[in-house]
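Here is a short tour of strand pairing and charged contacts in one model. Have the viewer open as you read along.

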Amino acid sequence: MKYLITESSLDKIVKILLSSNSRKIMPGKNSSEIIRMYLQSNPDITIENLIFEKLDNKNFDRINKMSNIYFANSKDDEYAQIRYDINKGVCTIDNELINEISYLFSLEKTHSKQVISSWVAGIIKRRIYTYRGCPPEYQRLLRIPNIEIDFNE
């Protein structure tokens, strides 16, 4: 059975997909096609804009510790979703986040990492020299230390 998707319903569907609660509503196989239709009907919007909106809607807590900036789901989390090493200019991104963005937007993981790191660079107003994914066996790279050290950005 085919459904007619109007422009206003398309807007609503995309808002739901980009919302912070969309993890609870697992995007279906057609979510990337819906996003593609939305982009075609809104030529001023890029896929990067939508990914930035998705990341903004996650409402990450930004945690500055030692020479790193962490983006975590909560200040109480043991592990961050993203870590930026100020001294090296390296952005480390949790593989689950990369997979979520890749799946939702039908992107290669390399492209997802690049867009996520661009979002980070815009938020922290710093240059990122390199970015990488963080598989589960290297999760320690995203561990937020307990040491409280404040620094100027």
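This is a predicted model: local features need pLDDT of at least 70, side-chain atom pairs count only at pLDDT 80 or more; totals for chains, interfaces and linings use all residues.

## Strand pairing around E2

Lys65 has Asn68 of E2 as its bridge partner. Strands here are DSSP runs of E with at least two residues, helices are DSSP runs of H or I with at least four residues, and both are numbered from the N terminus. E1 and E2 run antiparallel and are joined by 5 bridges; two strands count as paired if DSSP finds at least two bridges between them. Together E1 and E2 make a hairpin with 2 residues between them, and Met66 in the turn has a positive phi of about 50°.

E2 also pairs with E3, in the antiparallel sense, over 4 bridges. On that side, Asn68 stands opposite Asp85 in E3.

Residues are numbered from 1 along each chain as its sequence is written, and side-chain values use heavy atoms, with hydrogens and water left out.

Is E2 buried or exposed? 5 of the 5 residues of E2 are buried, so the strand is largely enclosed by the rest of the structure. Buried means under 20% relative accessible area, exposed means over 50%, and partly exposed is in between (1.4 Å probe, protein chains only). Asn68, Tyr70 and Ala72 point one way from E2, while Ile69 and Phe71 point the other way, and all are buried.

The whole structure holds 4 salt bridges, each a side-chain nitrogen of Lys or Arg within 4 Å of a carboxyl oxygen of Asp or Glu. One of them joins Lys54 to Glu100, with the closest N and O atoms 3.6 Å apart. This pair links distant parts of the chain, as Lys54 sits in helix H3 (residues 47-57) and Glu100 in helix H4 (residues 95-105), 46 residues apart.

Glu100 also meets Lys58 in a salt bridge (3.2 Å, N to O). Lys58 lies in the loop between H3 and strand E1 (61-65) and Glu100 in H4, so this contact ties together parts that are 42 residues apart in sequence. Lys54 is buried at 1% relative accessibility, Glu100 is buried at 14%, and Lys58 is buried at 17%. Shared partners join Lys54, Lys58 and Glu100 into one network of salt bridges.

## The Glu78–Arg143 pair

Another salt bridge brings together the side chains of Glu78 and Arg143 (2.7 Å, N to O). Glu78 is in the loop between strand E2 (68-72) and strand E3 (82-85), and Arg143 is in the segment after strand E5 (130-134), 65 residues apart. Glu78 is partly exposed at 40% relative accessibility, and Arg143 is partly exposed at 43%.
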